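Here are a few friendly notes to read alongside the structure. Keep the view open and find each residue as you go.

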Amino acid sequence: MDAITFRFLMSLAASQNLEMYLMDVVTAYLYGSLENEIYMKIPEGLKMPEDLKSKAKEICSVRLQRSLYGLKQSGRMWYNRLSEYLLSKDYVNNAICPCVFIKKSSSGFVIIAVYVDDLNMIGTQKEIDDARTHMKEEFEMKDLGKTKFCLGLQIEHFQDGIFVHQSNYTKRVLKRFYMDKATPLSTPMVNRSLDVEKDPFRPCEDNEEVLGPEDIYQIHTKLDHKQVMFSQLVEPRSPGVRKSKLWLQRLQIMQKLLLSMKHVESVWLRSMTHHIQESSGIVTEKEPTKIFEDNSACVTQLKEGYIKSDRTKHIPPRFFSYTQELQKNQEVDIEYIRSSDNAADLFTKALPTTVFKKHVHSIGMRRLQNL
């Protein structure tokens with residue numbers, strides 16, 4: 001299960017007032033059956049058969065009958081075993097989100113979202129209880145109760161919804177880099193020096209430490225790589241030098257390409273959300289996905305189609321035709337938004353405190369201490 005799907009399931013649980021429970025499969029990889037013959041060296045402590053005791057262990061091997069931790073195919077074998085069992089219990093699955101299994105009944109539904117050996121169960125209480133029961137009958141399980149921690153995210157349950165944060169992870173990172181006693185600022189970005197030697201955010205040197213293994217928890221809340229690339233392209237500029245015509249052309253080309261990529265991603269998002277809602281029996285109105293863009297020329301050109309000019313000659317026409325087709329089918333809708341109202345700016349620009357707080361509130365972020 002990817003992070004985007006999990007975030008959607010959390011929003012679905014909050015909007016539909018559903019329950020969320022977490023279960024852990026004990027030694028999950030040992031349940032998988034091997035599809036190929038695999039042999040391994042005889043491990044220490046394994047007793048040799050009587051007729052082989054006279055032979056050296058180095059020339060002997062054992063054939064595995066089940067999957068083990070450390071095999072490259074262990075994850076796939078475990079998924080096949082779990083998938084086979086859930087499908088036999090009348091769960092439905094789709095290639096759009098292969099790690100999500102859904103079962104609907106006359107009184108409700110349950111969604112099982114699989115992440116390795118963690119099973120998040122989201123749905124109505126009766127169906128979740130039934131799912132917990134038949135999972136315990138087939139596998140050795142740990143029932144962890146309501147979901148409080150998953151994929152590096154901490155989840156707090158309230159009567160009127162859920163609150164997601166990463167306070168423990170943030171504190172560990174601050175402590176690791178001796179920033180836990182630092183004076184806090186009102187915004188996360190400050191004006192930076194253009195001198196590389198004086199810039200505290202300069203590229204990492206050979207003897208400097210990076211986040212390391214804990215960096216994996218950033219993938220569930222950090223920006224998309226394409227957005228980061230865009231921000232790096234937009235922000236750098238030399239003081240006292242006007243933007244050249246070439247720079248403006250490159251900027252607009254990049255905006256069009258990124259907007260086309262977002263159209264492709266929105267198609268997958270719509271397919272994923274539609275499958276989960278339809279399989280669960282949740283009725284929703286089918287509306288186009290709104291994509292906001294603060295470049296009016298870019299919005300106009302993508303709506304009107306390919307216009308050959310010096311600024312678009314480097315962009316293949318297919319980028320325009322595909323986005324036009326999506327808009328014609330009312331799958332996506334590009335809307336112009338003023339830069340002052342563009343909430344994405346809080347991730348890419350050093351904004352004034354009032355504007356920063358306005359955007360933070362508009363995307364639903366809140367302080368844990370205020371709840």
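1. Start with a pair of side chains. In this predicted model, the side chain of Lys136 makes a polar contact with that of Asp143, at 3.4 Å.

2. What else does Lys136 touch? Leaving aside residues up to four places away in sequence, Lys136 is in contact with Met23 and Met141 as well as Asp143. Take a moment over Met23: 113 residues separate Met23 from Lys136 in sequence, yet their C-alpha atoms are 9.7 Å apart in space.

3. Is Lys136 buried or exposed, or something in between? Its relative accessibility is 45%, so Lys136 counts as partly exposed, since that label covers values between 20% and 50%.

4. Now zoom out to the helix. Lys136 belongs to helix H3, which spans residues 125-138. H3 lies across strands E1 (19-25), E6 (109-115), E7 (118-123) and E8, and runs at about 155° to E7.

5. Next, the sheet. Six strands make up an open sheet with antiparallel pairing, and their order is E4-E5-E6-E7-E1-E8. Strands E4 (92-94) and E8 (141-146) stand at the edges; each has a single partner strand, so one side of each lacks a neighbour in the sheet. From one strand to the next, the twist averages 25°.

6. How many bridges join E4 to strand E5? There are two, and E4 and E5 (residues 97-104) run antiparallel. To find your place there, look for Val92, which stands opposite Ile102 in E5.

Key: Residues are numbered from 1 along each chain as its sequence is written. This is a predicted model: local features need pLDDT of at least 70, side-chain atom pairs count only at pLDDT 80 or more; totals for chains, interfaces and linings use all residues. Side-chain values use heavy atoms; hydrogens and water are left out. Helices (H or I, at least four residues) and strands (E, at least two) are DSSP runs, numbered from the N terminus. Buried means under 20% relative accessible area, exposed over 50%, partly exposed in between (1.4 Å probe, protein chains only). Contact means heavy atoms within 4.5 Å. A polar contact is a pair of N or O atoms within 3.5 Å; within protein, one must be able to donate a hydrogen and the other to accept it, and residues adjacent in sequence count only if both atoms are side-chain atoms. Two strands pair if DSSP finds at least two bridges between them. Axes are lines fitted to C-alpha atoms, for helices over the stretch in contact, and angles run from 0 to 180 degrees between N-to-C directions.
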